[in-house]
Amino acid sequence: MSATLVNQLKTIITQELDVNLKIEEIDDNVSLFEEGLGFDSIATIELIYLIEKHFGVKFSDSELNLEYFSNLKVLADFLADKMESQKLEVAG
């Protein structure tokens, strides 16, 4: 599921953020910040909003940790875990 989520995140980034990138230009393991994709705080906030909108999740304050946003693979793994735990909460 993580690879699918990575591709969905790439689509969101290329089509909905003002970053001037193409899907094929984004490596799964490149940093979202500084030397990688160069996201600033505004782009990161927009990405969080779009993730919440597209995947129906809400980030808690403690989850707004740069560690989870280090690259798309880490973010996709975190998002998969978050979506799974929210499903279990709803089912429980």
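**Entry 1**

I started at Leu 79, which touches Leu 5, Leu 9, Ile 51, Phe 55 and Val 57 (contact means heavy atoms within 4.5 Å), leaving out residues up to four places away in sequence. A note on ground rules: this is a predicted model, where local features need pLDDT of at least 70, side-chain atom pairs count only at pLDDT 80 or more, and totals for chains, interfaces and linings use all residues. Numbering runs from 1 along each chain as its sequence is written, and side-chain values use heavy atoms, with hydrogens and water left out.

Next I looked up the largest nonpolar core, which has 27 residues. Such a core is a set of buried Ala, Val, Leu, Ile, Met, Phe, Trp, Tyr and Cys residues joined through side-chain atoms within 4.5 Å; buried means under 20% relative accessible area, exposed over 50%, and partly exposed in between, with a 1.4 Å probe and protein chains only. Leu 79 is among the residues with the most contacts inside this core, along with Leu 9, Leu 32, Phe 39, Leu 47, Ile 51 and Phe 55. Helix 1 (2-16), helix 2 (41-55) and helix 3 (72-91) each supply at least two residues of the core; helices are DSSP runs of H or I, at least four residues, numbered from the N terminus. Helix 3 gives the largest share, 7 residues.

**Entry 2: helix 1 against helix 2**

How do the axes of helix 1 and helix 2 cross, and within what distance do they come? I found that they come within 11 Å and cross at roughly 125 degrees. The axes are lines fitted to C-alpha atoms over the stretch in contact, with angles from 0 to 180 degrees between N-to-C directions. That angle makes helix 1 oblique to helix 2, since angles under 35 degrees count as roughly parallel, over 145 as roughly antiparallel, 65 to 115 as roughly perpendicular and the rest as oblique.

From helix 1, Leu 5, Gln 8, Leu 9, Ile 12, Ile 13 and Glu 16 meet Leu 47, Leu 50, Ile 51, Lys 53, His 54 and Phe 55 of helix 2.

**Entry 3: loops and the exposed side**

Ser 70 sits in the loop between helix 2 and helix 3. I have Ser 70 down as partly exposed, because its relative accessibility is 30%. Ser 70 touches Val 30, Ser 31 and Leu 32, again without residues up to four places away in sequence. Ser 70 and Phe 33 are 37 residues apart in sequence, yet 7.5 Å apart in space, C-alpha to C-alpha.

Asn 20 lies in the loop between helix 1 and helix 2 and is exposed, at 75% relative accessible area.
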